[in-house]
Amino acid sequence: MAMAWWKNGALVAAATLAVAAVVCAGVAAAASKFDDVVQPSWANDHVLYEDDLLKLRLDSSSGGGFASKNKFLYGKATADLKLVPGDSAGVVTAFYLSSAGDKHNEFDFEFLGNVTGEPYLVQTNLYIDGVGNREQRIDLWFDPTADFHTYAVLWNPSQVVFLVDDTPIRVYDNKNASATKPKGHHRHPNNATTAATQTASAFPSPQPMAVYSSIWNADDWATRGGLVKTDWSHAPFVATFRDVRVEGCAWAANASDSDAGEVARCSGSSWGKEGRYWWKEKDMQELSVHQSHQLVWARAHHLVYDYCVDTDRFPVQPPECAGR
């Protein structure tokens, strides 16, 4: 079935398919589970292991973060995450993919804290060749601080998909490649294209990415545009990870980020040294009918900001927004 890729873990279970395998909690020690995949990237004393969990801590002295040990080109990055509870105004927890350099690509989940009782907002954004300003925000349909929920980014040559608990909340299409996509699936309403938009819309060039997460104080903008500041009497603020999974085409450790051979290896085949590149198969290149309906539902009921309709910021609509 087309939607099995985010409903059935069996499709991504083989460790040889992935940059890093999922290590089952209770079988291995906590540190080794995460150490197979990520490592602290800054403020190591604010990146904590407790039992089978990894915690990022923010206090008045510092935040903290981690990064994946490997880079990859195309695939899926997933985090099981419980967000900061209580009064988290001013606090941002991020889970994102990014390449290096001034012309970098980046796919962001940014979880914007709020005062107690107010909904968390999730901001997604894409940087393409160093240019961002593609923000969308949704309010979540559950309390993300009460339990773990799953946040993921799927990335292949045809699309970038942001998912919350397997529900797509945002799709960024490669409109230039739409003519070569397989036919037969139902396209969601945001994919209307013309010849003009196909040539004008940017899509991330093939650059290897690492996976990152961090927590920091952003009270100059994160909550009500910076009107509500961080209350340090509630510190420390803690975001808790139960698992981090990275499945994709592993970039060779000794290769430069512009290595043409690595681009060809990860882009030109459905098989490689990691095994089957399931993230590039036909069912991954566009949404199924059911997934399209999920996306429409999420946007209709939970989208609170979309740069595509912000005429104050963009008097001329960005080209990728045409047809919306």
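In what order do the eight strands of the open sheet run, and is their pairing parallel or antiparallel? The order is S1-S4-S13-S6-S7-S8-S9-S17, and the pairing is antiparallel. The model is a predicted one. Its chain holds 324 residues, with four helices and 17 strands.

**The open sheet**
- Strand S1, residues 38–42, is one edge of the sheet, and strand S17, residues 303–306, is the other.
- Each of these edge strands, S1 and S17, pairs on one side only.
- From one strand to the next, the twist averages 20°.
- In general, the strands of a sheet pair through backbone hydrogen bonds, in either a parallel or an antiparallel sense.

**The S7 and S8 pair**
- Strand S7 covers residues 106–112 and strand S8 covers residues 121–127.
- Seven bridges join S7 and S8 in the antiparallel sense.
- Phe107 has Leu126, in S8, as its bridge partner.

**Helix H4 against the sheet**
- Helix H4, residues 289–302, lies across strands S9 and S17.
- Strand S9 is made up of residues 136–139.

**The chain as a whole**
- Buried residues account for 55% of the chain.
- The chain has an accessible surface of about 13500 Å², and carbon and sulfur atoms contribute 53% of that surface.
- Of the contacts between residues at least 6 apart in sequence, 67% join residues at least 24 apart.

Terms used: Residues are numbered from 1 along each chain as its sequence is written. This is a predicted model: local features need pLDDT of at least 70, side-chain atom pairs count only at pLDDT 80 or more; totals for chains, interfaces and linings use all residues. Side-chain values use heavy atoms; hydrogens and water are left out. Two strands pair if DSSP finds at least two bridges between them. Helices (H or I, at least four residues) and strands (E, at least two) are DSSP runs, numbered from the N terminus. Axes are lines fitted to C-alpha atoms, for helices over the stretch in contact, and angles run from 0 to 180 degrees between N-to-C directions. Contact means heavy atoms within 4.5 Å. Buried means under 20% relative accessible area, exposed over 50%, partly exposed in between (1.4 Å probe, protein chains only). Accessible areas come from the Shrake-Rupley method with a 1.4 Å probe; for residues, only the protein chains shown count as cover.
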